[in-house]
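Let's take a friendly walk through the aromatic rings of a protein. Have the structure open beside you as you read.

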Amino acid sequence: MSDTRRRVKVYTLNEDRQWDDRGTGHVSSTYVEELKGMSLLVRAESDGSLLLESKINPNTAYQKQQDTLIVWSEAENYDLALSFQEKAGCDEIWEKICQVQGKDPSVEVTQDLIDESEEERFEEMPETSHLIDLPTCELNKLEEIADLVTSVLSSPIRREKLALALENEGYIKKLLQLFQACENLENTEGLHHLYEIIRGILFLNKATLFEVMFSDECIMDVVGCLEYDPALAQPKRHREFLTKTAKFKEVIPITDSELRQKIHQTYRVQYIQDIILPTPSVFEENFLSTLTSFIFFNKVEIVSMLQDILLINVVIEQMICDSDPELGGAVQLMGLLRTLIDPENMLATNNKTEKSEFLNFFYNHCMHVLTAPLLTNTSEDKCENDNIVGPNKNSTICPDNYQTAQLLALILELLTFCVEHHTYHIKNYIMNKDLLRRVLVLMNSKHTFLALCALRFMRRIIGLKDEFYNRYITKGNLFEPVINALLDNGTRYNLLNSAVIELFEFIRVEDIKSLTAHIVENFYKALESIEYVQTFKGLKTKYEQEKDRQNQKLNSVPSILRSNRFRRDAKALEEDEELWFNEDEEEEGKAVVAPVEKSKPEDDFPDSYEKFMETKKAKESEDKENLPKRTSSGSFKFTFSHSTSAANGANSTNNKSVVAQTPPATSNGSSSKTTNLATSVTATKGSLVGLVDYPDDEEEDEEEETSPRKRPRLGS
């Protein structure tokens, strides 16, 4: 908490009277031996280096402005400012300064701002002379008021006294009422006097007076007074420009009225400084230093307020709602978002949790806004039409609207970037929202560029070679829409065809065993006719080589170790691996990862060792002997495409979709011969389920194989 409260930015005023940012750090007040006194220290939050070491001088005038700002001068031309993140931190340091100088913390300035030439003369003044008597605020007194204001500008002490009098008596609002009267009466002489008066008050360089003059109630009348420069033949039309010509365009919608007011105020004050006021002379240039500071710290406050209203969500919503048919604005905003969430652009700090905290914030509060259009256009009610075959399927699942397709492509580009650059944050989100399944619905889009974006998203995930992702893909049978897209593409060797082939080639080259096994066991029969590349035959070869290695290892294992009593059952394995999937990473909704239907007996099958193991009772408890555990890297878990016959455990001769079946265990724990484990691959009603024939199944009658002219489509 203290770190946040004392977080500050350090600014110095340069020769051009502009504030330079010297860095962000944390301020403290402590006794410094070298300086012989209490000092303000600011250490950089990035590397701990010293940004500021300033002794609290008993005679230095410190000013507190806008609740979060402390300004002071250490030399004739060296002004400093501390801008605090929180008001509490500013109050705490202000109390320390006032304590050293023996001042009441309720004051806004700790010392009278006088120069050395007048200090001695000021001390000799009688007590009754410290106030300036202002003339009555009447039309016939305007010339007298103008002379008074002009006369005090050369004396710092008199400027302070006049500013105090103007502030205490609410004099500025009375003057502006006279301005309205003069303008209605077309009193040119009075208007010229009011120009001199308002210009002189600006040169008093007092922040408290600026707060009054630049309020919504007064600023336009102040601008009106400054239109009547006596040196000009005709008055300027600044108010007309500010109210009619200058248009305030919201790049992002701003609903906070205070923020909107602050933006308008800053623009108008900047206009006064840059356009209305003449270039100050050497004598006058220091008079407007507080005005420069007022503008600068207004801008700092605007940025802070924008952060407070979740700017990122506003940007996302603007991107989503871009009405341009070509989404020109959305593309630019997407680039901005990408920059914001790129970890490489986040400042390196000693506190390693800051990047993680920002990403937690983004995924908890912003990601749902980004993915809303994607989830809406791939919703479950649309996916229920997944069984439709032919051209109607595309139109029911994916919108034909080109602009919507472009938007979804932009969102997928950002999500693909997140997969590549964020780690567990995006992984948790994908698992909990079953996001990849929703994205792959877009493989059915008639817009090839959108299908390619969906495929690229999956390719990035597979490219990580993360077993959590791999299990998620195989358990959800998520290769099916990709292979369907390849088969639907037919003999067209286009970009979609090449991208799909490259995906499978990557799996083959990188030898990702779990995915290789899943693809060969479930889809090889549908893919084996593709011979213009050797990718799928290569996958089959990899699979068979791995299977042979496992067979050799198994033959070297003593027979007692092949018993089920030394093997964890499949249910226990699935429960372990699903622990992570079901974790809720501060998500509002619960995990929605769709596991393979548990009514299907093949999901409860153990690893491929069971084809050679003797089985005992299914629920027999594990033996407590401490035996070496087998790793999952060398095993193949059979995950089959969904079919009614599989769900019922049927092995009918009428239905040619045959699944591997484990014979029921006998009372003495023996099992029937492994020849009952024979599997084959056939097509059922237009769908194809690819399984593997093992070498020891030669006794089984061979299935009749057909060579269809057209690649069969995998059914649901």
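This is a predicted model: local features need pLDDT of at least 70, side-chain atom pairs count only at pLDDT 80 or more; totals for chains, interfaces and linings use all residues.

Residues are numbered from 1 along each chain as its sequence is written, and side-chain values use heavy atoms, with hydrogens and water left out.

A pair of aromatic rings is described by the distance of the centres and the angle of the planes. Rings of Phe, Tyr and Trp (its six-membered ring) pair if their centres lie within 6.5 Å; planes under 30 degrees apart count as stacked, over 60 as edge-to-face and the rest as tilted. The structure holds 16 aromatic pairs. One of them joins F362 and Y363 edge-to-face, 5.4 Å centre to centre with 90 degrees between the planes. F362 counts as buried because its relative accessibility is 1% (buried means under 20% relative accessible area, exposed over 50%, partly exposed in between, with a 1.4 Å probe and protein chains only). Y363 is buried too, at 4%.

Now find F479 and F504, a tilted pair with 5.7 Å between centres and 35 degrees between planes. This pair links distant parts of the chain, 25 residues apart: F479 sits in the loop between α23 (467-475) and α24 (480-488), and F504 in helix α25 (residues 495-509). Helices (H or I, at least four residues) and strands (E, at least two) are DSSP runs, numbered from the N terminus. F479 is buried, with a relative accessible area of 0%, and F504 is buried at 0%.

Elsewhere, Y11, W19, F296 and F297 form one aromatic cluster.
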